[in-house]
Structures are given as structure tokens and as C-alpha cells.
Amino acid sequence: PCSLHSTHCDSSTVLYTGRSAACISARRTAAGQQTASMSTGSTVLFAFDPADIPGDEAPGAPATSGGPASSVEHNGSGGKPSSSALGEGSEWAAAPAGASMAVDKEPLVEDGHQTSSADLEPAEPATRWSLVLIMSVWFAQACAWFLLLIVIVPSQLAAIVGDEKKGRAIGIVLGSSTPVVIVGAPLVGVLSDRVRSRLGRRRPLMAVGALAFSASFFWLVAGSANSVAGYALRYTLLRCSELLLSAPFNGLIADVTPEELRGFASGLMASAANVGNFAGAAVGVQYTSLGPGLTALGVTCTVLLAATATCLAAHEADSTLIPPMRPLSMRKLAGDLVAPLLDHDFAWVFATRFIFQMGVYTVQEFLQYYFRDCVPLPQDVTPETAVSYGMLCLMTAAVITAGLGGVATDRMGGRRKVLVYVASGAMASSCCGVAFSDGGLVVTLALLVIFGLGFGCYLAVDFAMVLDVLPDPAHAAKDMAVWSIALTLPQMLATPIGGVLLDVFQRIGRARHPESKLGYQLVFSVASFYLVLSSWLVKHIKGVK
């Protein structure tokens, strides 16, 4: 019988129904004062008789048809709570007997616009089976990047510059794209958080990114580049297009993964990456016979199909319901990008992953050259084929430990650090073994298996650790993009440094002995140091068990 009225006052909203009841939410400001905020989607909703609010009117005084004078002051179409109605300077009293109370999510403020955190969550949290499908694009990307970094790029650059400068050429190509990626990844993350679409915030960018990545990949692999500069330009374009796919995907995983499935999701990501690497290694075995054209065509089709499966499996909420944000300023953007690194635990997760990647990129791009220069191969086996067989062994082991590790960390109550310690120890030992073994094919393959066991174990908990310490779930894509810098920046540092060390010390060693592998011993030893250091620093992450 009573009509519902509403009015905006001081950036807040008051809802009330005639004289009988009023619904109003309470929020305490930083100064400790009570303020009114939006009634729906807020923390607590109070239903109470206006006479119960401490104010100018004596308890039990009758209310006029226009509403209680002291509780709600009319301003035309609605009402405005007076300072006495809000109980300024005093605590809110408990709701009287018989009043209704509803509890919802904490209200969020995005660039000055208040919105419920429920608006920022997916329509349906992902299940285990839907997560499997969502990881499709992660599998496809892993396959593509494995082929590029382990087989195609080293082979094509060696053909361009020759054996004497191959290490530095890889460093130039990978390093030249990294500054663009470092700047672009957070920007795409911020853009993804701000997308307003009926399809959600992540999937529209992912669709564009899948198309751009496929076209760039085909141009790099199947096109003809006769110089390091031209090759580096194409590679940089590929990395830029990949950002439109990977940055929103990382935000999507953070959005849809329930807390109780974080370990499972992290292990699943590791398994998807390792299976993708395995598939890339299998294709790499046939790369010489397939040729660049067919290889590129197969990879691009796989990426497009996988991206489609991911977008269909993920259920995002309609982001047009989220209030639009204010235009970005450069100062605020810089502050937003730095802010996650000011969080203690996030900063340590970033640092440990950065150092870990320094170890990986110190040796990863030179494995094909190691097989070429240090491992006796049968006549019918090329270095491209040999490194692909080696990575098949590595990834088979990694798939096993990645799947088991993700499940194990959930069953251990979220304990993750112990797996990091075990993983880094196995990988560091493998690097030392490769550096100082006799270089036989069987021994090298066995050491790669040990490295793979540790690598899969590490990846099983890596993503779960960053999900555990995300500073602001409302800006997951931006924060995950900042974290992804720890994966890309080492390419600009570790690979060029490793390439110079390899070329210089190999030349010094070969001048003394034609069979010397001094350069490889040095870079594998440096990688071992990085891996041990990264695991030791994990102890500083307080929010991870």
C-alpha cells in the first residue's frame, strides 16, 4: 500500500516506504563518520521504523503523511536524511526486533563510481569441467610459443646470421620486443577491466587477440626475413598481438575461479601449458619435413579453435551493468600500475617469478644450439629434431607433476611453498648436470626429464600463489598483467646476457680446446643460481603457506 520513493543525496541513496519503514545501508568513512550509500548491493540493509532512529523527534512521535520530519527531510520527489537521522558521531543501533536484515557483498569504488562487487563477478563460477575447456587457449598458446622459441626462431636466426653470432641474434630479437610488452601488458589489462559489453569484460578482447595473433604468427613463420632487424620487427608485432589474448585471459581466470578451486586451476593451467608444449615438441619433430608454411597454418587454426572454445565455456556477466569509469589520466594510470607492487606479498610473488624466469630464459633459447654443438647426434637427426625429442621427454615429466601438484596443494590445505622448494632444487640440479656431464644423448635426455619433473611441480602452484595474493579482485586483469611482466622482462635481460656469455666464452674455450663447451657450462650454471635464489626468496611471501 505504500509507494517506494528514492532520492540521491550527497552521492548516496535513501529508499523508504511511507511512514512504516525505511531501508538504508550504512558505511563508515575513513574519518569514522557514518554515511548513507546505495541500498541494493551493499553490505547491510536495515529495515526499521523511523521513530527508532535517534534524532530530533521523540521516540514514538507520530509521523506525518510526508514521512518523519527528523529522519527524512523531503525535497520533492523523495527524501534526504538529516544528520540526526544518520546518527552522526554515534554507532548505529542494532535493528529492532522484527526488522529484516540482508547481507551482501562489500561495495566497491571504481574511479569514484560506487558499484557492488557482485557486478564484477561472473554469472556462474567455473566448475572443474568448465575450467578444462577454458584452458583451451592456454594450451594453444603454449604450443605456439614452444615451436617458436625452441625450434623455429633459433633455426631461422641461425640460417640468417650463422653459428658465430646466433646467440646474440636471439638476444636481440627477444629483447627488442620486451619493452613494448612491458608497457603494453598493463595497458591491455587496464583496458580489459574497463570494457563494457554484454559479452563481459574479457571475451571481446580475446576474440580480437586470437585473430591478430594468428595473422602475426603466420607472417613471422611463413614469411621471408633476410635480416635480424626485419625478423625482430615481425616478432615484436606478434608479441603485441599476443597481449590482446593473454592479458584478458589471465583476468578471466581470476574472475571465474572459486577460491576452493585455485590449486586445481593452477595445476590445470600448468598441465595445459605442458600438454601444449608437448604438442609443440611433437610438431617440432616433423618441422623439417612439414616446412614453415604448413606448420604456421596448423598452429593458427589451433589457436582460433581454442580461443572459440574458451570464450564459449566461460560465463561472464554483462559488464554494461557496471557504471562507466572516469577517463584515465597518465598520472592515475602510472599509479594504478605501480600500486600492486606496493603490496608486500604481491611484490614478493612478482620478484620470485621474475628471478625464476631469469633462470629459464638463460638457457631455454639455447637448447637447440647445445644439441648442435655439444651432443653427438645420429646422422639422420637434425638439431631441430633432437631438441624436440628432448623437450618431449621434459614435457612428459612436467605434465605428470603439474597435474598431481595442483591436486596435492589443495589437499595439503593450500600449502604451496614446499612444492616450490622441491621444484627449484630439481631444476637447478638438472642444469648443473647438463653443464658438467659428458654431453651424451641419453644422459642429456635423462637430465631434461629431471628438469621437467621440477618444472611441472613449480607451475602447479605458480598461478595459485598469485591468485592467493591479488591485491584487488575488482582489477584482476590489470594486476595479473603487472604480474605477467615478471614473465616477459627476463627475456630482455636474461636471453641477451646469456647470448653474449655463450658466444664469448665458447669462442674462448674453443680457442683452447676444439671440444670445449665453456660457454654452455657458464650459462647453465648461471641458470642454476637463479633457480635456487628464487626458491629461497619464496619464504618472504606471508600470504602463501
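The secondary structure of this predicted model comes to 15 helices and 10 strands, where helices (H or I, at least four residues) and strands (E, at least two) are DSSP runs numbered from the N terminus. Residues are numbered from 1 along each chain as its sequence is written, and side-chain values use heavy atoms, with hydrogens and water left out. Because the model is predicted, local features need pLDDT of at least 70 and side-chain atom pairs count only at pLDDT 80 or more, while totals for chains, interfaces and linings use all residues.

Of the 545 residues in the chain, 53% are buried, meaning under 20% relative accessible area with a 1.4 Å probe and protein chains only. Among contacts (heavy atoms within 4.5 Å) with a separation of 6 or more, 79% join residues 24 or more positions apart.

Helix H6, residues 262-285, has 18 of its 24 residues buried, so it is largely enclosed by the rest of the structure.

A pair of helices comes next. The axes, lines fitted to C-alpha atoms over the stretch in contact, of H9 (residues 344-363) and H13 (residues 441-468) come within 11 Å and cross at roughly 155 degrees, on a scale from 0 to 180 degrees between N-to-C directions. That makes H9 roughly antiparallel to H13, a term for angles over 145 degrees. In H9, Phe346, Val349, Thr352, Arg353 and Phe356 meet Phe455, Tyr458, Leu459, Asp462, Met465 and Val466 in H13.

Definitions and conventions:
Angles under 35 degrees count as roughly parallel, over 145 as roughly antiparallel, 65 to 115 as roughly perpendicular and the rest as oblique. Buried means under 20% relative accessible area, exposed over 50%, partly exposed in between (1.4 Å probe, protein chains only).
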